[in-house]
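User: I am new to this structure. Please take me through it in short questions and answers.

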Amino acid sequence: MFSLKQPKPTFKSYLLPQADENIASEPRIKKLEPVLLPGEIVVNEVNFVRKCIATDTSQYDLWGKLVCTNFKISFITDDPMPLQKFHYKNLLLGEHDVPLTCIEQIVTVNDTKRKQKVLGPNQKLKFNPTELIIYCKDFRIVRFRFDEAGPESAKKVCLAIAHYSQPTDLQLLFAFEYVGEMYHNPAKKVNGIDPGGGGGGISSASGQQTPLFETYSDWDREIKRTGASEWRVCSVNEGYMISTCLPEYFVVPSSLADQDLKLYSYSFIGRRMPLWSWNHPNGSALVRMANIKDVLQQRRIDQRICNAITRSHPLRSDVYKSDLDKCLPNIQEIQAAYNKLKQLCVNDPFDDTEEKWLSSLENTRWLEYIRAFLKHSAELVYMMECKHVSVVLQEEEGRDLSCLAASLIQVMLDPYFRTIVGFQSLIQKEWVMAGYQFLDRCNHLKRSDKESPLFLMFLDCVWQLLEQYPAAFEFSEVYLTVLYDSARISLFGTFLFNCPHQRVKESTEFAISKNIQLGDEKGLRFPCVWDWSLQFTSRDRLLFHNPLFVGKSAPSVHNGALRTFKRSKKNYSSTLRGVPPAIKNGIIGEQEFVPRRNSLILKLKPEFLHSAEEQSHSMEQYFRDWFAKPVDLHGVILPHLSGTQIKLWKLCYFRWVPEAQISHGGSITAFHRVSVLADEVDMLNRSLRQYKSNSSLPGHCSELDQSRMYFRANGLNDTSGTPDFLSSSFPFSPVGNLCKRSILGTPLSKFLSGAKIWLSTETLANED
C-alpha cells in the first residue's frame, strides 16, 4: 500500500508549482533589509514605496521599502537604477540613503486633499500623506510616493523621519550610540577595520599621518616645522581650566609667562587668549585673537600682547592688526547668500524663457563674498611676505571669520597645506581645535539662528585656488566635495562639536549613563573623518589625488630622525609668480590701499607709517611683480579676482541636478586624460626601475600593477576614448534626484557650457 515508487509525473507537476506559487506570492519587498552599523536600529519602515526618478513619467520609478533608522533614511530595492551608468559608493551609506543630519526640510503632501505640510519635530500630521519630499543640505531633493503603501504606515514613517532628523539634544545624535556600541563590543569592526578615533587615513608618499593637535607634541612639531623659535607650547589650559572653547595646548610667545596668560584671559571674550597659527620663514607670525571686553584694561593688555608678539620676531617688527568684523561679511550675511544660492540652484524651477539667471546668481552675493575673503587674505599675505610684519586677526569671539581667513592665508603661503595631509592638519588646527562651532554652524540640532556655511565657503575659496593653480595642490575637487559631504554625516567627531571641551564633557556624561569605563581617556573616542577607509575603498580614494600635482621629494631620514623640510626665502620669493591679469579688475584696486571702512588697524614702527599713496603704490607694485613672473608651485600663490576668474563650483552645487548634467563633458574629461597620461609616465618609470634592478619580471609584478591613478592606461600609448559613464557630475549621479524642466538654450545652459560670469557695471565701478 505504501509504495517507494516515485509519484506520478502529473502529481509532481501539480504540487511543486503550487508550492512555488505560494512562496512567490509573498511580497519580495518584505525580505529587503537595511545594512545597519553598530548601534543603529530601525525605528520605522513602510513597504510598497515608490521612489520617483522623473517628474514627467513614472516608468523609471523604483519600488521598494522606505526605512527610518536612528542614523539615516534608507530606500531598499532590488530594482536596478535606470539611466545610471556609474555610482560612487560610500561604504557607510547605501545608494539611496540620506543621513538624518543631511536633511534640511521634510514636506508631506496629500494629492486628494491638496494639502502639504512642512514637518517639524513632535508635530502631528492630520492627513495621510501620498507623497514625501526630502530637501537635503547637499542640494539633493528626494521624492517618494505612497500610492500602494498603507496610509497609517506612511504617516508613521514620515513622523519618525521628522522626529529623528531634528534631535533636541547633542547626545541623541547617532555618533554617541555608535561609539557606545563599539566600547561595549570592542571586537566589532566596520568595513573590516577598527573605527577608532585615530588620525590615520590618507597619508603622503612619506607615510605621514594627519596630526590631530590634541597633544603637546603635535604643536611642538608644528613649531619646529615652521621655525618659530621664539614661540612655545602652553599647557595653561590643560583640563580646560582657563577656557572651555580653547584647546588644552596652544602656542604663545615665549616671553609671555603662564601667570600673565591666566591674568589676561579674564579680559578676553570667552577667555580666548591670543592663539598662534603659523610662522613665515622671515619670522612674521600669524596670530588669532578675540576682542578684549574690559574697556578699562583694553589698551594696556593689547599693548602687552603686541609687545610680546614683537619680541618673538627676529627683526622686532611691530604688529599689523586686522579687524575681521569690520572688513568681511558677517555670518548672517553669508547665510543669507547661501540661502539665495540654494534657492537658485535647487528650489526654483528652470524656465525656458528665463533670461536673468546669471544676474540672479550675482544677486545672491555668494561669489562676491568668496572674492572678499580671497582678496583680504591676499592683502595680509602681502603684509607678511613683503613687509615682514606679524599679522593679528581680531574678531569678536575669534572662532568664525578668523578660522577662514587664517586658513586661506596659510594655504596661499605654505605649500605643505596644499598637500592632503597638510590640508587635513590645517583643518584640525584652525577649525576643530580652535573651537569652530561645527554643531551650531552646520545646524545638526536644527537651530537655524546659529547656522552659517563658513566651512563650505572656505572649501569654495580653496577650490577657486585649485582651479587657478591645479598643479599646486595634491588633492582634487572630488576630495573637497566629499569633505563637505562628510560634515553632514553624524558619525565623525571631527565635525560634530563646537569645541574639544564639548566633546569631552558630553561624551563623558554619555559614558557614565551607559556604564562605559573610560579609564585614563578624556571622553569617548569618536571616528575621525581623516580615516577615509571607513567611507571609501582604496580604489575610490584614488579620485582624491590630483594627477596634475607637482610634489616635492619625501623628507629624508638622517641617523634615524626625520629631517623636516626647511623653507628658505627663495621658496617664498616674490620673483616667482603667475600669469598677469588686468590689475584694474584683478586682485587689488587702487582705492583698496587708502583708509576705508574695512581698512586694517596698523600698529607699526615709524618706517611703516607712510602716506596712503606710498602704501598703495607699494602693495600695487608687489602684486604687479607677482603676476608678471612665472608661478612657483612650491611658494606663494595669490588668487586672480577679476570678474571672470571667480567661478561657481559646479560639481558641488549642480551635481544633483539631472538637467545640469553634461554627458561626456565637464572638467572630468580633462581629469581623465591627464590621469591616463600620468599613469603612462608611472608605467615607464616602473619599467625603467625594473630594467635597472637587473631583476626578473616575476619579482616585480606587484610594482608594475601599482597605480596612483583612478583612471589607468591600458598600456603605453593608450588611445582608448572617454569612458561612457563620465559626465560633468562624476563621480556623483543625479539620477533619482527631483527633476525639473529642460534648460536647453537658457542662460543656465550656456553657463554650464562655459559661459563666463561678469560682475555688474556697478560692481566693477566700485573696484576702479
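Predicted model: local features only at pLDDT ≥ 70, side-chain atom pairs only at ≥ 80, totals over all residues.

User: Is Q517 buried or exposed?

Analyst: The cut-off for exposed is over 50% relative accessible area. Q517 has 71% relative accessibility, so it counts as exposed.

User: How many residues apart in sequence are Q517 and Y183, and what separates them in space?

Analyst: Along the sequence, Q517 and Y183 are 334 residues apart. In space, C-alpha to C-alpha, the separation is 8.5 Å.

User: At what angle do the axes of α3 and α16 cross?

Analyst: Helix α3 spans residues 174-184, and helix α16 spans residues 500-513. Their axes come within 11 Å. The crossing angle is roughly 55°.

User: What does that make α3 relative to α16, and which hand does the crossing have?

Analyst: The angle makes α3 oblique to α16. The crossing of these two helices is right-handed.

User: Which residues make the contact of α3 with α16, and how do they divide?

Analyst: From α3 come F176, E177 and G180. From α16 come E506, S507 and F510. By type, the residues divide into 2 nonpolar, 2 polar and 2 charged.

User: How are the axes of α11 and α14 placed, and why are the two helices called roughly parallel?

Analyst: The axes of α11 (residues 401-413) and α14 (residues 454-468) come within 10 Å and cross at roughly 20°. Angles under 35 degrees count as roughly parallel. Therefore α11 and α14 are roughly parallel to each other.

User: Which residues of α11 and α14 touch, and how do they divide by type?

Analyst: α11 passes α14 in a right-handed crossing. The contact uses L401, L404, S407, L408, V411 and M412 of α11. On the α14 side are L454, M457, F458, C461, V462 and L465. The division is 11 nonpolar, 1 polar and no charged.

User: What does F458 touch?

Analyst: Residues up to four places away in sequence are not counted here. The partners of F458 are L404, S407, L408, F423, L426, I427 and W431.

User: Why is helix α15 described as largely enclosed by the rest of the structure?

Analyst: Helix α15 covers residues 477-486. Among its buried residues are E477, Y479, T481 and D485. In the count, 10 of the 10 residues are buried, so α15 is largely enclosed by the rest of the structure.

User: What is near 70° in R365, and is the residue buried or partly exposed?

Analyst: R365 is in the loop between α9 (357-363) and α10. Its phi is near 70°, a positive value in a residue other than glycine. Most residues other than glycine have a negative phi. At 37% relative accessibility, R365 counts as partly exposed.

User: What is the phi of N443, and is N443 buried or exposed?

Analyst: N443 lies in the loop between α13 (438-441) and α14. Phi of N443 is positive, near 60°. With a relative accessible area of 6%, N443 is buried.

User: Which peptide bond is cis, and where is P731?

Analyst: The bond from F730 to P731 has omega near 5°, and it is cis. P731 is in the loop between α20 (701-705) and α21 (747-752).

User: Which residues does V35 touch?

Analyst: V35 is in the loop between α1 (9-25) and β1 (42-51). At 71% relative accessibility, V35 counts as exposed. Leaving out residues up to four places away in sequence, V35 touches E40 and K72.

User: How many helices and strands does the protein have, and what share of its residues counts as buried?

Analyst: The protein has 22 helices and 17 strands. Of its 768 residues, the share that counts as buried is 56%.

Definitions and conventions
Residues numbered from 1 in each chain as written. Heavy atoms only, no water. Axes fitted to C-alpha atoms, helices over the stretch in contact; angles between N-to-C directions. Helix = DSSP H or I, 4+ residues; strand = E, 2+ residues; numbered from the N terminus. Parallel < 35°, antiparallel > 145°, perpendicular 65-115°, else oblique. Left-handed = near helix turned anticlockwise from the far one by under 90°. Contact = heavy atoms within 4.5 Å. Nonpolar A, V, L, I, M, F, W, Y, C, P; charged D, E, K, R; others polar. Buried < 20%, exposed > 50% of the residue type's maximum accessible area, 1.4 Å probe, protein only.
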